[in-house]
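Subject: Structure handover

Hello,

Here is the structure I promised to pass on. Please open it and keep it beside you while you read.

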Amino acid sequence: MNTEIIEKFGNRVRIRVCGICWKDNKMLMVNHKSLTPNDFWAPPGGGVETGQSIAQTLHQEFEQETGLTIKPGKFLFGCEFIQPPLHAVELFFSVELVGGTLKIGTDPELNPQTQIISNVSFLSTDEIDQLPLEQKHGIFRLCPNAKQLENLHGFYTI
């Protein structure tokens with residue numbers, strides 16, 4: 001993990017919101033580099049800033065990371081991730097795709113030279129299930145296949 005990520009996001013509790021977005025039975029996923037030794041695929045999302053609503057954060061994160069416009073839906077589940085120096089409480093929502101053009105976006109909190117988003121794609125459940133566990137967000141350990149992610153409710157520690 002690069003030092004800029006540790007400086008920006010480490011050694012504090014970060015509240016994040018993430019969106020589960022389906023299109024043609026495929027889930028929108030973002031691939032990050034420099035978070036783990038390998039690829040790291042996760043649903044789009046990011047940190048809630050003071051004074052910013054959850055809905056505003058979801059809109060902003062989807063636009064910045066993927067170029068897509070969404071409509072936030074219902075709250076699905078929450079989880080807590082603790083792997084020092086990172087600690088996040090994540091809230092997952094269903095989102096509906098309403099527009100935009102899919103593209104590899106950026107993380108405005110990081111410098112242009114140290115961007116971590118390397119790919120964005122709608123992946124089938126088979127494609128997600130075939131990824132090694134260490135290359136997927138921890139929420140995928142909670143269900144036998146990616147499609148069943150929709151059935152998660154409650155709060156989990158991953």
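Predicted model: local features only at pLDDT ≥ 70, side-chain atom pairs only at ≥ 80, totals over all residues.

Below are my notes on cores, rings, one threonine and the cysteines.

Some ground rules come before the findings. Residues are numbered from 1 along each chain as its sequence is written, and side-chain values use heavy atoms, with hydrogens and water left out.

**Cores**

Start with the largest nonpolar core, which has 18 residues. A nonpolar core here is a set of buried Ala, Val, Leu, Ile, Met, Phe, Trp, Tyr and Cys residues joined through side-chain atoms within 4.5 Å. Buried means under 20% relative accessible area; exposed means over 50%, and partly exposed is in between (1.4 Å probe, protein chains only). Phe140 and Leu149 touch the most other members. Strands E1 (12-23), E2 (26-32) and E5 (68-83) each supply at least two residues of this core. E5 gives the most, with 3 residues. Helices (H or I, at least four residues) and strands (E, at least two) are DSSP runs, numbered from the N terminus.

What does Phe140 contact, leaving aside its neighbours within four places in sequence? The partners are Met27, Met29, Pro43, Ile128, Leu133, Ala146 and Leu149. Contact means heavy atoms within 4.5 Å. Apart from this core lies another, of 10 residues, including Val17, Cys21, Ile70 and Phe122.

**Rings**

There are 3 aromatic pairs in the structure. Rings of Phe, Tyr and Trp (its six-membered ring) pair if their centres lie within 6.5 Å; planes under 30 degrees apart count as stacked, over 60 as edge-to-face and the rest as tilted.

Take Phe75 and Phe93. Their ring centres are 5.4 Å apart and their planes are at 65°, so this pair is edge-to-face. Phe75 sits in strand E5 and Phe93 in strand E6 (residues 86-100), 18 residues apart. Phe75 is partly exposed, at 43% relative accessibility. Phe93 is buried, at 11%.

Phe77 and Tyr156 are also edge-to-face, at 6.2 Å centre to centre and 75° between the planes. Phe77 belongs to strand E5 and Tyr156 to strand E8 (residues 154-157), so the pair ties together parts that are 79 residues apart in sequence. Phe77 is buried, with a relative accessible area of 0%. Tyr156 is partly exposed, at 21%. Ring pairs link Phe77, Phe92 and Tyr156 into a cluster.

Two lysines also lie over ring faces. Lys23 is over Phe122, at 5.5 Å from the ring centre. Lys147 is over Trp22, at 4.3 Å. The test is that NZ of Lys or CZ of Arg is within 6 Å of the ring centre and within 35 degrees of the ring normal.

**Thr57**

Thr57 lies in helix H2 (residues 54-66). Is Thr57 buried or exposed? Thr57 is buried, with a relative accessible area of 0%. Beyond its neighbours within four places in sequence, Thr57 is in contact with Val17, Gly46, Gly47, Val48 and Gln52.

**Cysteines**

The disulfide count is 0, where a disulfide is a pair of cysteine sulfur atoms within 2.5 Å. For Cys21, the nearest cysteine sulfur is that of Cys18, 13 Å away. Cys21 is buried, at 1% relative accessible area. For Cys79, the nearest is again that of Cys18, 7.2 Å away. Cys79 is buried too, at 0%.

Best wishes
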